[in-house]
Amino acid sequence: MRPIRQRAAAFGLAGLALLSVSAPAVAATEFDLWHAHSPDITLGKTIARYADEFNASQPDYKVHAVFKGNYDDVINGAIAAARAGKAPAIVQVHAPAAPTVIYSKAAKPVDEVMREAGMDVDWSRYIQPVIAAYQENGRQIAMPFNTSTPLMWFNRDLLTKAGVAAVPVTWDDLEAAAVKLKAAGVDCPVVPSWQEWTLIKNYAFIQDIPVATPANGMNGPGARLSVNDPKMVAHLDRLQRWVKDGLMQYQGRQWTGAHEAFYARRCAIMLESSAGYGGISQKAKFQFGAALLPVEAGTADPKNSFIGGAGLFVMNGQTPEVYKGVAAFLAFLAETPRQVDWHKVSGYVPITLDAYEAAKAEGYYEKFPHQELAIRQLTRGTPTDNTRGIRLGYLVQIDEILNEELENIWSMKSTAAEAMDSAVSRANPLLERFERTIAQ
């Protein structure tokens, strides 16, 4: 089953039947995709390849894949371009900024774009926790693209040397392993990357506790931050103790510091994105593995984890012909062979069940079992109001607040309770302001 099918009245597309018509040659309709993956790295090269393949597959449309800097550069540039009436057709928007774009109504819903272009999209064949992040009121606002979730990566050699026979499953197991690693001379048993994502949001999802109430903002802009939940505070209390006892080290807000410490064998266990596979597979000169994120002991029904990455938003103000080309390109990206390829080269999860099943059928996960872990973790359990997604206004700024308060915990400037109370008191005025803005 294909998640996207073309109705007979639509245009030609690779992998679909081409209509044969007699008409004079016309120039291809051109449009831009702005993205955040450098052309010097595998992800950027792969996006450029997909654009070239799409352009070669049919004569009617030509997409230009344009690297615009990091995620913040992309969204800031797109906002400025939209204000000037020159918005690109497609913008890659990272997950924290997606709620702002969704509520701004600056994007044309992708389900509308596909329907108007004659594309029948079976959204049920997409991985549900992935597409839910880009939905509002039953509408699919954006197409998921590069989607990841955190895993627990480990240096198998160091675990064996320290006498850790089994990969940790619970947070208690992880602490016991960290104690053994420390005793065996490992300077940094555990290191997190993207700390607010791995240690707060994903902990909350898996343990089914709210990040914000009600429903993490998924029901509308009236939610307020609730990371001072007693279970979250107890979790962060434990991690503060780990830092104090030398069982965990903080290596920066993003991924670079954690990765470098992991590659150098200073840190044995890294809580990091599934998309870290690309770098780990190339730079780790030791036996490595991955496992699901830990759960609390006694958790009978752990829930799905929370996604990271970005989606593709189709901006308002384009011509009908551009929208048709955009639909063709998005359908091209979603085709099963391309999604399987993207999954393999990037470490990101495929966005469709068809691609997942195709990779599984060819035996890919028998050779690379860790590549299936993210999909299993994202699709685990039945989503609840606490695990459907997060849609908070000013989420980029709120993430900065969370990072600052976590740093206060690691530096022993605050207790976990003080830090999370501070996060709530700092973030909720932003959410209140956002709600007022949406109501206007």
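How much space lies in the largest cavity? About 70 Å³ of space lies in the largest cavity, where a cavity is, on a 1 Å grid over the protein atoms alone, a set of points where a 1.4 Å probe fits but cannot get out, and lining residues have an atom within 4 Å of a point. The model is predicted, with local features needing pLDDT of at least 70 and side-chain atom pairs counting only at pLDDT 80 or more, while totals for chains, interfaces and linings use all residues. Residues are numbered from 1 along each chain as its sequence is written, and side-chain values use heavy atoms, with hydrogens and water left out.

The lining of the largest cavity is formed by A95, P96, A98, P99, A133, Y134, F306, I307, G389 and I390. By class, this lining has nine nonpolar residues, one polar and no charged, with Ala, Val, Leu, Ile, Met, Phe, Trp, Tyr, Cys and Pro taken as nonpolar, Asp, Glu, Lys and Arg as charged, and the others, Gly among them, as polar.

The largest pocket has a volume of about 1,500 Å³, a pocket being an open set with protein on both sides within 12 Å along at least five of seven lines. Its lining comprises 50 residues, of which Y71, W194, Q254, W255 and Y348 lie nearest the centre of the pocket, and by class it has 19 nonpolar, 22 polar and nine charged residues. Helix α11 (residues 277-283) supplies the largest share of that lining, six residues; helices (H or I, at least four residues) and strands (E, at least two) are DSSP runs, numbered from the N terminus.

**Helix packing and buried residues**

Two helix pairs are set out below, with axes as lines fitted to C-alpha atoms over the stretch in contact and angles running from 0 to 180 degrees between N-to-C directions.

| Helix pair | Angle | Axis distance |
|---|---|---|
| α12 (residues 320-334) and α13 (residues 336-346) | about 60 degrees | 5 Å |
| α7 (residues 171-183) and α9 (residues 230-244) | roughly 5 degrees | within 12 Å |

The angle between α7 and α9 makes them roughly parallel, a term for angles under 35 degrees. Their contact (heavy atoms within 4.5 Å) joins W171, D172, L174 and E175 of α7 to H235, R238, L239, R241 and W242 of α9, and these residues divide into four nonpolar, one polar and four charged. In the other pair, F332, L333 and A334 of α12 meet T336, R338 and Q339 of α13.

In helix α10 (residues 256-263), the buried residues are A258, H259, A261, F262 and Y263, buried meaning under 20% relative accessible area and exposed over 50%, with a 1.4 Å probe and protein chains only. Their cover includes β9 (150-155), β10 (188-192), β13 (267-273) and α11. L431, in helix α18 (residues 416-439), counts as buried at 3% relative accessibility.

**Backbone exceptions**

Most residues other than glycine have a negative phi, and most peptide bonds are trans. The peptide bond from T213 to P214 is cis, with omega near -5 degrees, and P214 is found in the loop between β11 (212-213) and β12 (224-225). A215, in the loop between β11 and β12, has a positive phi near 55 degrees and counts as buried at 6% relative accessibility. N137, by contrast, is exposed, with a relative accessible area of 73%, and has a positive phi of about 50 degrees although it is not a glycine.

Definitions and conventions
Points joined across faces, edges and corners; volume = space filled by probe spheres on them. Parallel < 35°, antiparallel > 145°, perpendicular 65-115°, else oblique.
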